[in-house]
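Hello,

I am passing a structure over to you, and I hope you enjoy looking through it. Open it first, then read on for what turned up.

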Amino acid sequence: MSKKIAVLPGDGIGPEIVAEALKVLDCLRSDFGVDVEIEHALIGGAAYDATGTPFPEETLKLCRQADAVLLGAVGGPKWEPLDYSVRPERGLLGLRAELELFANLRPAILYPQLVDASTLKADVVSGLDIMIIRELTGGIYFGKPRGVRTNDAGEREGYNTLVYSESEIRRIAKVAFDVAMKRNKRLCSIDKANVLECTELWRQVVVETHKDYPEVELSHMYVDNAAMQLVRNPKQFDVMLTDNMFGDILSDCAAMLTGSIGMLPSASMDKNGKGMYEPIHGSAPDIAGKGIANPIATILSLGMMLRYTFNDTVNADRIEKAVAQALEEDHRTADIYSEHTIKCSTVDMGNAIVGAMRGQE
Ligand code: NAD
Ligand code: IPM
Ligand code: MN
């Protein structure tokens, strides 16, 4: 039976980059026998404009029925004045929460062709291959109480709550140890245990979980140092385990080591391996509609979908090889352009990747 993918393009550059990933998917269907059906749905600002909510019931229903979800990006200045409850970002957060996508995998890999695109020196980043495992449905993003209130002095005060239960920490720690076992067996857990009780518990639970993974070399690092180490010597890391907010920040930082935020895909998984796949970047309002966004992060997210949800290693490898070949042929969107390469549009990059796939056995 064919698999079903829910496609949620979203806002800004979302529709532009998703269109290129769908071209890649079409090629897999026509040339390589991948049997999938796709169905589109609204999310984010686009959904708010059409229905008054950034997260329509129908979208949730479709995503629940689907085997996997492919998402572009949500948000933009147009919707910033809205109340938090109907902001585009609520749609994305709602989807993560409703589908219980607690495990977010964000691989930061430098394609050798892009050594010069990184703002860091070649010897610092060449060969980079890090996996950031970010907790995605807990922490300060979802903790209660939250809001803005008037305090006793009559002033407004904003407040959010950083909270993690033991079980929430343990399940993401297990994912990180399992991933580490399949890689170089080195895991660095990031926290702020010197200041925050919640992350002190995080550290304790990670240490307890380690007992089941004696082969993995576990280390701990405070998040401020981790941010610095990521740009000083990123290759010291193999797998990094973080909470929701630290992972959000550190993964944008790690993205730049790969040349551009337009290169970083992600997988957000539930406990059964069902997943949502999206680039880590946002809707890039500054370049939306210009046809210059880099679609590679979204195309690689599709690759992660094939690998993790559909267990189709052959076609996942096929996508990654095609990306490498398009880069080898010097195709570059503006964000990764360097001298002596060919500056291309979003559509040109999609076409180059599809062309490279067609050329494969
Ligand atoms: P952003 O990631 O959208 O953009 C940051 C910078 O990176 C911009 O200069 C942008 O042009 C560039 N960039 C991002 N993706 C690119 C790509 N594929 N190719 C080339 N350049 C790219 O972050 P922001 O500007 O802080 O946020 C814009 C909006 O996106 C906000 O509304 C934010 O809430 C939302 N957002 C959504 C997601 C998501 O949907 N997963 C992620 C991050 C931000
Ligand atoms: C991301 C984004 C989201 C996050 C926002 C848009 C809710 O920045 O996917 O990294 O903070 O998780
Ligand atoms: Mn982010």
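**What was found**

The protein has twelve helices and 14 strands. Its radius of gyration is 20 Å, close to the 21 Å that the globule rule gives for 361 residues, so the protein is as compact as a globular protein of that length. Please keep in mind that this is a predicted model.

Some overall figures to start with. The C-alpha trace spans about 65 × 50 × 45 Å along its principal axes. Of the 361 residues, 48% count as buried. If you take the contacts between residues at least 6 apart in sequence, 74% of them join residues at least 24 apart.

Now to the sheet. Ten strands make up an open sheet with mixed pairing, and their order is S2-S1-S3-S12-S11-S4-S5-S10-S8-S9. At the edges stand strand S2 (36-40) and strand S9 (217-222); each has a single partner strand, so one side of each is left without a neighbour in the sheet. From one strand to the next, the twist averages 25°.

Helix H8 (residues 223-232), in turn, lies across S8 and S9 and runs at about 105° to S9.

Best wishes

Note on methods. Residues numbered from 1 in each chain as written. Chains lettered and ligands numbered in written order. Predicted model: local features only at pLDDT ≥ 70, side-chain atom pairs only at ≥ 80, totals over all residues. Helix = DSSP H or I, 4+ residues; strand = E, 2+ residues; numbered from the N terminus. Rg over C-alpha atoms; globule rule 2.2 N^0.38 Å. Buried ≥ 20, exposed ≤ 12 C-beta atoms within 10 Å, placed from the backbone. Contact = placed C-beta atoms within 7 Å. Pairing = 2+ DSSP bridges. Axes fitted to C-alpha atoms, helices over the stretch in contact; angles between N-to-C directions.
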